[in-house]
Amino acid sequence: MKNYYYYDEKECQFIPVNYGPVERVVYTLGLWVLVGTVITTLSLSLLSFSVGSPSEIALKAENRALYEQLQQTRSSIEHLDEQISMIANMDNEMYRTILGIDPLSDDERQAGIGGADIYARFDAYSDPSSDLLRWTASNLESIERRINIQKLSFKEIKAHYNQNKELMSNIPAIRPVSGIILSGFGMRRHPVLGYNRMHEGVDFRARVGTPVYATGDGVVKSARRWRTYGLLLVIDHGHGYETRYAHLSRLADGIRPGVTVERGQIVAQSGNSGVTSGPHLHYEVVKNGRPVDPLNYMFADLTPDEYIEYRRIADSNPMSMD
Ligand SMILES: [Zn+2]
């Protein structure tokens, strides 16, 4: 303990200050409290530097949760992306091709994608987050753009439809039976002959006696037994379109060549006649004398989900029922 002095003006000299025992204790204590505070502050700041303060720990947990949420968002976006591509495909293959409107090219559908990196602002974040944020933002923007293009496209198709209502009621646009599809259009192994050949239609599951519907307005062209097709009904829809319903068990009352039919009208019952591997309905759409994929001519009937499911089955089954 140091000695302190004060100047006595009367005596003109320095007089030592004498502390009492209480004052000494207070002084010593004060010193210890000061040292203690400095050491605690130092160690706390060192600690928070390595582990993080409570608020920092909470922030880190929140960050982790947000990152996980972003990853979930990413899978949702990927799913959306797939669906939009599927709708764009339907739009091109079904509506536009059938209505005779030019299909939109990939470039037109992706309009304006690419160019300057407008997501550079996400570079400030740590790597995985910045990649994910950049991906999310750019993909959301792309989806938004594609949806807008799709909206415009449907608007154009609707206008076209309104100007061509007669054509629209004539071209095949529904399923010929309510059953699920079994085999698709294209090269398929014949179930009885055993070798690959062109399957010029699609096969639907249908028990003998299942109602068969005309898929568009038209006129019965022929109704007779014909080769491996068994009992075959052919409807002429005009505009170059014809539909064929094969392996029937019987025709509906009054169905004979020259009779007018409407879309959705029951024209026959399905069966197992001709060469088949079991009861089903074989259905063909012929345009200007050439068979086309009937799956593209069910747009008035199938939801996009059903179309996706039918497409998957049709493309994956290597064998036809014929
Ligand atoms: Zn078939």
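Me: Where does Pro294 lie, and is Pro294 buried or exposed?
Reply: This is a predicted model, in which local features need pLDDT of at least 70, side-chain atom pairs count only at pLDDT 80 or more, and totals for chains, interfaces and linings use all residues. Residues are numbered from 1 along each chain as its sequence is written. Pro294 lies in the loop between β14 (290-292) and α6 (304-316), where helices (H or I, at least four residues) and strands (E, at least two) are DSSP runs numbered from the N terminus. A residue is buried if 20 or more other C-beta atoms, placed from the backbone, lie within 10 Å of its own, exposed if 12 or fewer, and partly exposed in between; Pro294 has 25 such neighbours inside 10 Å, so Pro294 counts as buried.

Me: How far apart in space are Pro294 and Val220, C-alpha to C-alpha?
Reply: In sequence, Pro294 and Val220 are 74 residues apart. In space, their C-alpha separation is 19 Å.

Me: Are α2 and α4 roughly parallel or roughly antiparallel?
Reply: Axes are lines fitted to C-alpha atoms, for helices over the stretch in contact, and angles run from 0 to 180 degrees between N-to-C directions. Helix α2 (residues 54-99) and helix α4 (residues 127-163) pack at about 25°, with axes 9 Å apart. Angles under 35 degrees count as roughly parallel, over 145 as roughly antiparallel, 65 to 115 as roughly perpendicular and the rest as oblique. The packing angle therefore makes α2 and α4 roughly parallel.

Me: Where is Asn139 found, and what separates its C-alpha atom from that of Asp81?
Reply: Asn139 is found in helix α4. Asn139 has 16 other C-beta atoms within 10 Å, so Asn139 is partly exposed. Asn139 and Asp81 are 58 residues apart along the chain, and their C-alpha atoms are separated by 8.3 Å.

Me: What is the phi of Arg227?
Reply: Most residues other than glycine have a negative phi. Arg227 is found in the loop between β8 (218-225) and β9, and counts as exposed because Arg227 has 9 C-beta neighbours inside 10 Å. Although Arg227 is not a glycine, its phi is positive, at about 45°.

Me: What is the phi of His239?
Reply: His239 is found in the loop between β9 and β10 (241-251). With 15 other C-beta atoms within 10 Å, His239 is partly exposed. His239 is not a glycine, yet has a positive phi of about 55°.
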